Amino acid sequence: MRVAIIGQGYVGLTIAVGAAGAGHKVIGVDVNEQLVSALNTGISHIEGISEGELAGFIGSGAYKASSDPLLLSDSEVIVIAVPTPLDESRNPDLAFVHAAADLIAKNVKSPALIINESTSYPGTLRKEIAARITGIDHLYASSPERVDPGNTKWGTKNTPRLIGGLTPTAVAKAKEFYATFCDTIIEVSSPEVAEAAKIFENTFRQVNIALVNEFAQIADALGISGREVIEAAATKPYGFMEFNPGPGVGGHCIPVDPSYLAHVANEVGVPATFIKRANEVNLAMPAYVVKRVIAGSGGSIKGKKVVVVGVSYKSNVADIRETPAGAIIDLFRAQGATVSWHDDLVGSWRRELSVPINDADIAVLVTKHDGLDLEAIKGCGYVFDCTGTIAGADGI
Ligand SMILES: NC(=O)c1ccc[n+]([C@@H]2O[C@H](COP(=O)([O-])OP(=O)(O)OC[C@H]3O[C@@H](n4cnc5c(N)ncnc54)[C@H](O)[C@@H]3O)[C@@H](O)[C@H]2O)c1
């Protein structure tokens, strides 16, 4: 099939490579021209997609990136994979989705299958995408992406894929497309069910992470180890699922998607109390970390040298979107500390560079990547560990 994918980020590029590998002819359309040229020279910006693999698809003509929307016009399948962030009031910002729909409306004049993979609230495909594209009889389906960057066990091929469409023909065509590179396809009765399933999955994670984060604070105040309690509880073979505490949630999904659910809940008059509370608990974790570090390191950090280790939002990825490390660093600076950070994967961030972990007064391990020099952390004056890695250190 001739496939166009709008957005070549974590999701779009992953799907592009999956589809190219299945024998489709894929165009990756992105407004970011720098990204487009990098991709066309075989440079991948995503963990899990090797440059060799990308270069191979470019060489064989199976894939190319472009910022020319006219190239959409000849596609049989168009996948939308653009950002769905929150605005300043933490409400859904669908500007990118609208722009992608408008791009299709303007450039695609023969019927195609249009699939939305961007995460959004139920009703997005029907009301925010299909309703903006008038005059042509396109097919519309929703197949929310579940990719977990850096996960080597579950990827595009073996993660079951949900599909809901506006018509049975749209569902059939979407199933035909995804069956070429996904093992398991699950049809649901409407796009709204598929869209809601995705945001409910991430809300489930956000609420449970908030619960363990709150529990970790209770356990610490009681003088017991929250992590040991969670490990003990996880020996129960049924009815319990292990989540671990940390410095807060980051990335494009867990801190964001639940607010999409809260937004529609609010519109239909149902108070999304769990989501609100989970947001509060997780957003307050950086302040809790800083409070514990101040208490554990002698009552004041003014003038002290602090190194924050691991600034991406999770292990072994370089993604710094919504990372709690940002708030932790800002709060330390507001307390008068001299703060630097170390993260080999991130390298450069907020116009600052990663520094070696050298004799800091305080080291705070926020995110642990493989191969991290734990001995260098232990060599610092006081160590606070948000990851449960360093035995005997203070932490959560
Ligand atoms: N990152 C994840 O782990 C993940 C997992 C599952 C679902 N999702 C969802 O997938 C969607 C995309 O997320 P992502 O992480 O791939 O985002 P991303 O920021 O990595 O990539 C999005 C890309 O879209 C491009 N773009 C924006 N507007 C465009 C337009 N009008 N035309 C063409 N390109 C445009 C941007 O330049 C960017 O390269 C979001 O809805 C997100 O919630 C993300």
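1. The shell around the ligand divides by class into 15 nonpolar, 8 polar and 4 charged residues, where Ala, Val, Leu, Ile, Met, Phe, Trp, Tyr, Cys and Pro count as nonpolar, Asp, Glu, Lys and Arg as charged, and the others, Gly among them, as polar. The model is predicted, so that local features need pLDDT of at least 70 and side-chain atom pairs count only at pLDDT 80 or more, while totals for chains, interfaces and linings use all residues. Residues are numbered from 1 along each chain as its sequence is written, and side-chain values use heavy atoms, with hydrogens and water left out.

2. Of the 27 residues around the ligand, those that come nearest are Gly-9, Val-11, Asp-30, Thr-84 and Thr-119 (a residue is near if one of its heavy atoms lies within 4 Å of the molecule). Helix H1 (10–21) and helix H4 (95–107) each supply at least two residues of this shell, and H4 gives the most, with 3 residues; helices here are DSSP runs of H or I with at least four residues, strands are E runs of at least two, and both are numbered from the N terminus.

3. A polar side-chain atom of Arg-321 lies 3.2 Å from an oxygen atom of the ligand, and a polar backbone atom of Val-82 is 3.3 Å from a ligand oxygen. Taken alone the ligand exposes 820 Å², of which the protein buries 90% (accessible areas by the Shrake-Rupley method with a 1.4 Å probe).

4. The second largest pocket holds about 390 Å³ of space, and of its 22 lining residues the closest to its centre are Thr-14, Gly-48, Ile-49, Gly-155 and Thr-156. On a 1 Å grid over the protein atoms alone, a pocket is an open set of points with protein on both sides within 12 Å along at least five of seven lines, a cavity is a set where a 1.4 Å probe fits but cannot get out, and lining residues have an atom within 4 Å of a point. H1 gives the most to this lining, with 4 residues, and the lining divides into 8 nonpolar, 9 polar and 5 charged residues.

5. The structure holds 1 cavity of 30 Å³ or more, and about 70 Å³ of space lies in the largest cavity, a volume being the space filled by probe spheres set on the grid points, which are joined across faces, edges and corners. Its lining includes Glu-145, Arg-146, Gly-155 and Thr-156.

6. An open sheet is formed by 5 strands in the order S10-S9-S13-S14-S15, with parallel pairing (two strands pair if DSSP finds at least two bridges between them). Strand S10 (338–342) and strand S15 (394–395) stand at the edges with a single partner strand each, so one side of each is left without a neighbour in the sheet. Strand S9 (residues 305–309) runs parallel to S10 and is joined to it by 5 bridges, and Val-308 stands opposite Trp-341 in S10.

Methods
A polar contact is a pair of N or O atoms within 3.5 Å; within protein, one must be able to donate a hydrogen and the other to accept it, and residues adjacent in sequence count only if both atoms are side-chain atoms.
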